[in-house]
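Student: I would like to go through the terms used for this structure and see what each one rests on.
Tutor: Ask about them one at a time.

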Amino acid sequence: MMKRILTREVAVGGVTIGGNQPIAVQSMIVEDTANVKGCIDEILKLHDAGCEIVRVTTPNLKDAHHLGAIREGLAKVGKSHIPLVADIHHNGYKIAQEVSRYVDKIRINPGLFVFKRRNPGEEYSDAEIREEQDKIREQMVKVIEACKTNQTAMRIGVNHGSLSERMLFIHGDTPAGMVESALEFIDICEDEAYYDIIVSLKASRVPVMLEANRLIARRWADRLNAYPLHLGVTEAGDGQYARVKSTAGIATLLAEGIGDTIRVSLAEDPIEEIPVCYDILQSLGLRKTKVEFIACPSCGRTKFNLTEVVPKVRAATEHLKGLDIAIMGCIVNGPGEMADADYGYVGKGLGRVAIYRGREEVLKNVPENEGVTKLIALIKEDGRWEEPARKAATP
Ligand code: SF4
């Protein structure tokens, strides 16, 4: 079993991230923040789909106030508990101060926090480095003060693609540079005795993202605190490849015990991100939100149409959260490879199946066309059946 690296618990509204808390699922709306009603609708939809923390972009001071209106609007419909995060952009310390009144967490990007466009590769003098560091500290102290007053958490969210020119000059375009960029901001927070920090080190290249997160996870050992890590692969794109790419980055780290909250970034409706997050967590055994189906690929030993039966069993039982159900092609290897499923539907002879409870063959010779009904009957007999929720009638 994987051993999770224990991080500090940080509350983001009613959701706590880190420690032994469940890995939280989050996403970001795409609506223009000025469209308060549109934002509220999108937040509610995302939350209904299972998103536990919702981020909203805050490019200017007006939008900080829109966040206030969004928060009020959510309270009016009894949803003030949905944790909101404000994303802060270039030179946004005043916006961060203001919006910290309305949200549960702000996200700042160290590469953009004090932003001055320079020519790539342009050299920094020592004095220029100090000047930029002083400016960051001065502005961060103000933001930290506001976060402390409003009990707002902060994500220090480093992106590989937007490392500051200063960091690039000192550390190069490297995972180590990403880590140093985060630590510089963490140091300021700790100097101010502010610890409600979550850290992310994202990149669009999976190996870079993996390396940066592993590096910072190792650094926690020598530091005052281990802060929760928010995992994600940026600009993953859309479709199957984006899902595979995000899973490669996020799941690899989770399997190493690294990570406390995740976002799968898709160039699609953000609602599509939520099932991917839950599938990652369920497949690693970190959260169980639906039936775990185990099915063999079938082979010459299979004497029934397994590819037709799998969707039938799934359709009949997928609402039974918490169960493991196996559909196996043959009696030879099937029972041994069901991975301790609660129930099994296992091919026997031609047109015949067996129904298992755990490792026990309960029904030995069931005609294939009665298999699903018999499986349901057994689950009911065991008291583990629930009727599926009725779908709302369409007007
Ligand atoms: S469980 Fe049986 S039918 Fe399925 S792949 Fe293995 S040998 Fe083939």
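Student: How many residues of strand β4 (residues 53–58) are buried?
Tutor: First, this is a predicted model, in which local features need pLDDT of at least 70, side-chain atom pairs count only at pLDDT 80 or more, and totals for chains, interfaces and linings use all residues. Residues are numbered from 1 along each chain as its sequence is written, and side-chain values use heavy atoms, with hydrogens and water left out. In β4, six of six residues are buried. Strands are DSSP runs of E, at least two residues, numbered from the N terminus, and helices are runs of H or I, at least four.

Student: What makes Arg 287 count as buried?
Tutor: Buried means under 20% relative accessible area, exposed over 50%, partly exposed in between (1.4 Å probe, protein chains only). Arg 287 has 19% relative accessibility, so Arg 287 counts as buried.

Student: Where is Arg 287, and which polar atom lies 2.8 Å from its side chain?
Tutor: Arg 287 sits in the loop between α10 (273–283) and β11 (292–295). A polar atom of its side chain is 2.8 Å from the backbone oxygen of Ile 23. A polar contact is a pair of N or O atoms within 3.5 Å; within protein, one must be able to donate a hydrogen and the other to accept it, and residues adjacent in sequence count only if both atoms are side-chain atoms.

Student: How do you know that β3 and β4 pair?
Tutor: Pairing requires that DSSP finds at least two bridges between two strands. Strand β3 (residues 24–28) and β4 have three bridges, in the parallel sense.
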